[in-house]
Amino acid sequence: MCGRYVRRSDKQRIAEHFHVYGPSAPDFGPSWNVAPQTFQPVVLLNRDTREREIVMMRWGLIPYWAKDPQIGLSTINAKAETVATAPSFREAFKRRRCLVPADAFLEWQKIDAKTKKPFAIALKSGEPYGFAGLWERWHDKAAGAELLTFSVITTDPNAVVEPLHNRMPVILPDRDYSRWLDVDSSQLPMDLLRPYEADQMTAWEVDKRIGNVRNDSPELLEEQSTPPKEPSLFDDAPL
């Protein structure tokens, strides 16, 4: 499960990285503690121009057929193994794919029954990246309003994430952005739903205050412990 992520890149940085050249994007600031049910920028293809655009959507996908929007509380993630067949996601997977800009995602490592340590996972390069996402347009008939929502697809963990959690979000290399967004192709991009290359990623322990969604500041990402040193030839040498 991916239930929290970091988006420290501003609007200009996201537009540059995802090659968004269309109409000006809505205003939004960075967030170091993105939580479900908040509105976040996602990248998709404009239906008319077929150009990439940035749109604000709420995290927690509500299928177009849903009668109760509370379903969005349990659909923040879609499993790669079932995304093509699950009723809540299969139509969005075919027709409404998007990229979710992020700079890191968060996971909590269980130490014992009472202790969990939060970790941030990012690219070693420090570059932003895009989660493979799905989006939906839901009509609230009672209020006469329209709500745009999204979900993040998850897959098996790579070697960096595995010590922390048994799932990780699908991170797409920028070379695959166009293919993922192209919903006109008859071939579904199932092969892209795989763990990101571990040798390009890094993880570090962060401030435990990040567990409270009301905390949102760059200090939350400061490393909290010294990484274990590499073994030395002299570590086991007799004195």
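User: Which residue in strand 13 stands opposite Ala122?

Analyst: This is a predicted model, in which local features need pLDDT of at least 70 and side-chain atom pairs count only at pLDDT 80 or more, while totals for chains, interfaces and linings use all residues. Residues are numbered from 1 along each chain as its sequence is written, and side-chain values use heavy atoms, with hydrogens and water left out. Strands are DSSP runs of E with at least two residues, and helices are runs of H or I with at least four, numbered from the N terminus. In strand 13, the residue facing Ala122 is Thr202.

User: Over how many bridges do strand 8 and strand 13 pair?

Analyst: Two strands pair if DSSP finds at least two bridges between them. Strand 8 covers residues 116–123. Its pairing with strand 13 is antiparallel, and the number of bridges is 5.

User: What is the average twist from one strand to the next in the open sheet?

Analyst: The open sheet holds 5 strands in the order 2-1-7-8-13, paired antiparallel. Its edges are strand 2 (31–34) and strand 13 (201–205), each pairing on one side only. With axes fitted as lines to C-alpha atoms (for helices over the stretch in contact) and angles running from 0 to 180 degrees between N-to-C directions, the twist averages 30°.

User: How many disulfides does a search of the whole structure find?

Analyst: A disulfide is a covalent bond between the sulfur atoms of two cysteines. The criterion applied is a pair of cysteine sulfur atoms within 2.5 Å. The number found is 0.

User: Is Cys98 buried or exposed?

Analyst: Buried means under 20% relative accessible area, exposed over 50%, and partly exposed in between (1.4 Å probe, protein chains only). Cys2 has 0% relative accessibility and therefore falls in the buried class. Cys98 also has a relative accessibility of 0%, so its class is buried.

User: With which side chain does the side chain of His17 make a polar contact?

Analyst: His17 lies in helix 1 (residues 11–17) and is buried because its relative accessibility is 12%. Contact means heavy atoms within 4.5 Å; leaving out residues up to four places away in sequence, His17 touches Glu127, Pro128, Tyr129 and Tyr177. A polar contact is a pair of N or O atoms within 3.5 Å, where within protein one must be able to donate a hydrogen and the other to accept it, and residues adjacent in sequence count only if both atoms are side-chain atoms. At 3.0 Å, the polar partner of the His17 side chain is the side chain of Tyr177.

User: What is the phi of Arg50?

Analyst: Most residues other than glycine have a negative phi. Gln37, in the loop between strand 2 and strand 3 (39–45), has a positive phi near 75°. Arg50 is in the loop between strand 3 and strand 4 (52–59) and is partly exposed because its relative accessible area is 33%. The phi of Arg50 is likewise positive, near 65°.
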